[in-house]
Amino acid sequence: MLDFFTKIDDVVWGPPLLVLLVGTGIYLTVRLGLLQVLRLPKAFKLIFAEDQGEGDISSFAALATALAATVGTGNIVGVATAIGTGGPGALFWMWMAAFFGMATKYAEGLLAIKYRTQDDNGQVSGGPMYYITNGITGRLKVIAKPLAYFFALAGILVALLGIGTFSQVNSITGSLQNTFAWSPKVVSVVIAILVAIIVFGGIQSISKVSEKVVPFMAALYILATVAIIAINFHNLIPTLAAVFKSAFTPTAAVGGFTGATVMQAIRLGVARGVFSNESGLGSAPIAAAAAKTEEPVEQGLISMTGTFIDTIIICTLTGLSILITGQWSVKDLEGAAVTQSAFASVFGHIGSLVLTLSLALFAFTTILGWSYYGERCVEFVFGTKGITIYRCIFVLMVALGGYLQLQVIWKIADIVNGLMALPNLIALLVLSPIIIEETRAYFKRKAGKSFDS
C-alpha cells in the first residue's frame, strides 16, 4: 500500500505542481511589489482593528480559525519528517515556500471576501469554489464550474482523509501513547466525541474554541522552543550554516540519517511547508470569507499573517530546535518522536509533557478548522442537506484516525493536498489582474496616491 501511494505522490508532487505552486507566489510577489514585506506591519495592525461589515465571525476569529487549521501536525511532525528525510536544507525551502506563499495567501483572502455569498441557512459561503465560479468570466468561463467542483471534491477528501482527520489524530494518539502509554484506539474515540460536540455547533462554536486555544497553545510552544534554542545558542551559527549549505548541496549521511539530495530537500520542504501553512491550497479563504469586513484587501492582509506566524515563526522554531539539539539524525526516531526528543534533551520529562500538550492542542484545533472547510465544500457540491451527513462521516473518520501507519497517512495527505491546490492555483493566476486592480485601488483610496510600490 505504501509503495502504491508513494508512486501516486511522486506524480502529484512532481516538478509541474512545485513550479506552479512556487511560481504563482513569485508572480504575485512581483506584481504586488513585495507586499508581504512592505505591508506586513499594517497587516498585523488590522488583526486587532474593529470589525466593520457583514459576516459570521470577527476578522480575528477568522484568522484564529484559519490558524487553528494550519498550526498543527505540520509544525511539529511535518517539519521533523521533512528534515528527517530531506536534511537540514528542507527548512530553507520551507522558508522560500512561506515567503512567496504569503503573497498567495493574501490573494486568496482578498478573493474570498470579494466573491463570497450566503447558503440556504443564511451562513456565509466563500472560498475558491466561489471565486472560481463567479470570478472567471469570458472565454475561460467554460472551465469555471469543472474547476470549482474539482476543488470542492478534493477539499472534501483532504478534510476526511488528509489534513483534517487521519494525520492529526495519528499524531495525537502516537504522542499520548509515547508519553502516557494511553491506548490509541481509546484516545481516537475520545477525540471523536469532543469533535462532535463542537462541530455540530457550526462556525461560531469552532471559532470560539479557536480564539481561546490558538493564542495559548502558540505562546506555550514558542516559549519552549525559544528556550531550547537559547540553551543551545552556541550551536546556532553552525546549524544555520548547515541549513543554507544543504539547501543547495546533497546532505551527507550522519548518525541515523542516510543522506539526502537537493531535490529531496526542495520537494519535502515545499510539500511540508504547504501542508503546514496551506498557502495556495485554497483552504484558508473558506474561513476568511466568514469575516465581518467589507474590504477584500484588508482581509487579504490579515490572511497572509497566518503564513508568517505558522511557518516563518513556528516551523522555524521547530526546525531549529530539532537541528540545534542534534535529534534529527538519531537512529529509529521519526515524526513527533524527533521533536519530543529535542524537548526532552533540554527539559527532561517535563519537555515531553509540554510537547505532548502542544501537539494535542495543535492537532485538535486543526481537526476543528478542517471540519468547517470540508463542510463548506460539501455545501457547494451537495447543498445544505449534505452538511449533517458530512459531519457524521467526519466524526467517524476522526475515530478511525489512530489505526493507520504514519508513512501511509502522510502519503495520502500529500496526494489530496496536491489535488486541492491545482484548481486553486489556476484560478489565482487567471484572476490575478483583479487581485492587482483591487490592491492598487485600495491603497490609492487610503493614501491618496497610486500603489506602485
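Let's start on helix α11, where Ile-197 is found. A helix here is a DSSP run of H or I with at least four residues, numbered from the N terminus. Ile-197 counts as exposed, at 63% relative accessibility. The cut-offs go like this: buried is under 20% relative accessible area, exposed is over 50%, and partly exposed is in between, with a 1.4 Å probe and protein chains only.

A word on the source. This is a predicted model, so local features need pLDDT of at least 70, side-chain atom pairs count only at pLDDT 80 or more, and totals for chains, interfaces and linings use all residues. Residues are numbered from 1 along each chain as its sequence is written, and side-chain values use heavy atoms, leaving out hydrogens and water.

Next, Phe-200. It sits in the loop between α11 (184-199) and α12 (202-231). Not counting residues up to four places away in sequence, it touches Arg-391, Cys-392 and Val-395. Contact means heavy atoms within 4.5 Å.

Hold on to Arg-391. Its side chain meets that of Glu-375 in a salt bridge, 2.9 Å from N to O. Arg-391 is in helix α19 (residues 387-400) and Glu-375 in helix α18, 16 residues apart. A salt bridge is a side-chain nitrogen of Lys or Arg within 4 Å of a carboxyl oxygen of Asp or Glu. Why can such pairs form? Side chains of opposite charge can pair when their charged atoms come close. Arg-391 is buried, at 13% relative accessible area. Glu-375 is buried too, at 3%.

How many salt bridges does the structure hold? Eight. Here are two others. Lys-114 pairs with Glu-438 at 2.7 Å, N to O. Lys-114 is in helix α7 (residues 89-114) and Glu-438 in helix α21 (residues 432-447), 324 residues apart. Lys-114 is partly exposed at 34%, and Glu-438 is partly exposed at 22%. Then there is Glu-295 with Arg-445, whose closest N and O atoms are 2.9 Å apart. Glu-295 is in the loop between α15 (284-288) and α16 (296-324) and Arg-445 is in helix α21, so this pair ties together parts 150 residues apart in sequence.

Now the inside. The largest nonpolar core has 149 residues. Such a core is a set of buried Ala, Val, Leu, Ile, Met, Phe, Trp, Tyr and Cys residues joined through side-chain atoms within 4.5 Å. Among the members touching the most others are Tyr-106, Trp-370 and Ile-435. Helix α18 (residues 349-382) gives the most to this core, with 14 residues. Ile-435 contacts, among others, Leu-28, Tyr-106 and Leu-428.

Last, the cysteines. How many disulfides are there? Zero, in a search of the whole structure. A disulfide needs two cysteine sulfur atoms within 2.5 Å. For Cys-377, the nearest cysteine sulfur is that of Cys-392, 18 Å away. Cys-377 is buried, at 0% relative accessibility.

Technical notes:
Helix = DSSP H or I, 4+ residues; strand = E, 2+ residues; numbered from the N terminus.
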